[in-house]
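Here is a short report on one structure. Please keep the sequence and the 3D view open while you read.

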Amino acid sequence: MSATLPASDGEAATTTEHVIELDDVHAGYAQFQALFGISLSVGPGRALAVVGHNGMGKTTLARVASGLVVPTSGRVVVGGVDLTGRPTHEFALAGVAHATEGRSVFSSLSVQENLSLTFRQRFGRGGVHPALERVYELFPRLGERRTQLAGSLSGGEQRMLTLARVMVLEPKLLIADELSLGLAPIITDEVYKLLLRIKSTGTSMIVIEQHVQHALDVCDDAVVIDRGLAAYSGPAADHERLFAAFQHAGAADADGLPN
Ligand code: ATP
């Protein structure tokens with residue numbers, strides 16, 4: 001089964017180049033297959049929620065979209081260019097940023113060193129200072145903690161550091177994988193406000209989240225992943241069909257095999 005998302009709000013898909021397109025993607029780890037033919041696309045400025053229970057393949061999908069996992073078959077097309085099998089830095093150069101829970105910061109470097117590393121790679125030495133100023137203006141708390149080791153920041157502050165980098169890099173596509181994992185509800189709300197701000201700048205997003213409602217609140221479209229297949233794909237606002245698919249997926253065994 002595959003699921004291609006409809007064009008945004010009835011707009012013609014033919015006139016808008018997708019920021020990313022997954023075409024009949026099968027993928028997994030060695031002998032283990034996690035995705036069994038996923039097709040989806042994200043248009044400019046659109047946000048796609050990827051929801052599903054544990055172990056259904058959401059993170060694998062995110063890894064395929066950022067080039068970390070190479071599909072065994074199918075295609076990954078970024079900005080109209082087929083990047084299937086290309087190294088991850090080509091995905092980054094094409095404007096794909098992958099933000100994950102926890103792994104996005106160097107814990108033994110300070111806040112400022114973390115930011116400077118990213119900005120130097122992207123803007124060159126001369127671009128670091130203006131980019132830092134922009135971050136500290138947007139996130140005064142990070143400015144206050146610029147000399148603190150990133151590993152000693154709270155979970156919420158680490159997520160803030162990750163998203164601050166993203167906001168300045170202005171990727172074409174942000175893949176946000178479980179950014180609320182382990183955070184207190186009030187901090188999760190802050191993280192989601194940030195995602196909304198990033199979206200308002202025109203960045204497209206793939207939002208992977210177990211707190212389904214949070215993801216749906218910021219997204220236009222949604223896919224429910226059930227054992228490596230799309231059990232629903234359509235508007236994020238169609239709660240009736242979406243939650244029916246979600247609940248049906250939850251009722252089945254999470255054995256990693258398709259029906
Ligand atoms: P969760 O919500 O629990 O993070 P998920 O929907 O993101 O789950 P994935 O992380 O994509 O699911 O995992 C899909 C399947 O692939 C699972 O059965 C998982 O055990 C398996 N898997 C994930 N990563 C690896 C890996 N590196 N090596 C082998 N199997 C893996």
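D24 is partly exposed, with 15 other C-beta atoms within 10 Å. A residue is buried if 20 or more other C-beta atoms lie within 10 Å of its own, exposed if 12 or fewer, and partly exposed in between, with C-beta atoms placed from the backbone. D24 belongs to strand β1 (residues 20–29). Its phi is near 50 degrees, a positive value in a residue other than glycine. Most residues other than glycine have a negative phi.

E170 also has a phi near 50 degrees, again positive and not in a glycine. E170 sits in the loop between α6 (155–169) and β7 (173–177). This residue is partly exposed, with 14 other C-beta atoms within 10 Å.

## The model and its chain

This is a predicted model: local features need pLDDT of at least 70, side-chain atom pairs count only at pLDDT 80 or more, and totals for chains, interfaces and linings use all residues. Residues are numbered from 1 along each chain as its sequence is written.

The chain has nine helices and ten strands. These are DSSP runs, numbered from the N terminus: helices are H or I with at least four residues, strands are E with at least two. Of the 259 residues in the chain, 44% are buried. Take the contacts between residues at least 6 apart in sequence: 66% of them join residues at least 24 apart. Two residues are in contact if their C-beta atoms, placed from the backbone, lie within 7 Å.

## The open sheet

Four strands form an open sheet in the order β2-β1-β4-β5, with antiparallel pairing. β2 and β5 (81–82) stand at the edges with a single partner strand each, so one side of each has no neighbour in the sheet. Two strands pair if DSSP finds at least two bridges between them.

β1 and strand β4 (residues 73–78) run antiparallel and are joined by five bridges. D23 faces R75 in β4.

## An enclosed strand

Strand β3 (residues 47–51) is largely enclosed by the rest of the structure, because five of its five residues are buried. Both faces are covered: A47, A49 and V51 are buried on one side, L48 and V50 on the other. In a regular strand the side chains alternate between the two faces of the sheet.

β3 runs parallel to strand β8 (residues 204–208), with four bridges between them. A47 has M205 as its bridge partner in β8. β3 also pairs in the parallel sense with strand β9 (residues 221–226), over four bridges. There, A49 stands opposite A222.

## The nonpolar core

Which residues have the most contacts inside the largest nonpolar core? They are L48, I206, V207, A222 and V224, in a core of 75 residues. Such a core is a set of buried Ala, Val, Leu, Ile, Met, Phe, Trp, Tyr and Cys residues joined through C-beta atoms within 7 Å. It draws at least three residues from each of domain 1 (8–104 + 171–251) and domain 2 (106–152). The domain bounds come from an automatic or database domain assignment.

Beyond its neighbours within four places in sequence, L48 contacts L40, V42, M205, I206, C219, D221, A222 and V223.

## The ligand shell

The ligand is surrounded by 13 residues, and the closest are Y29, N54, K58, T59 and T60. A residue counts as near if its C-beta atom, placed from the backbone, lies within 6 Å. β2 (32–42) and α1 (58–65) each supply at least two shell residues. The largest share, three residues, comes from α1.
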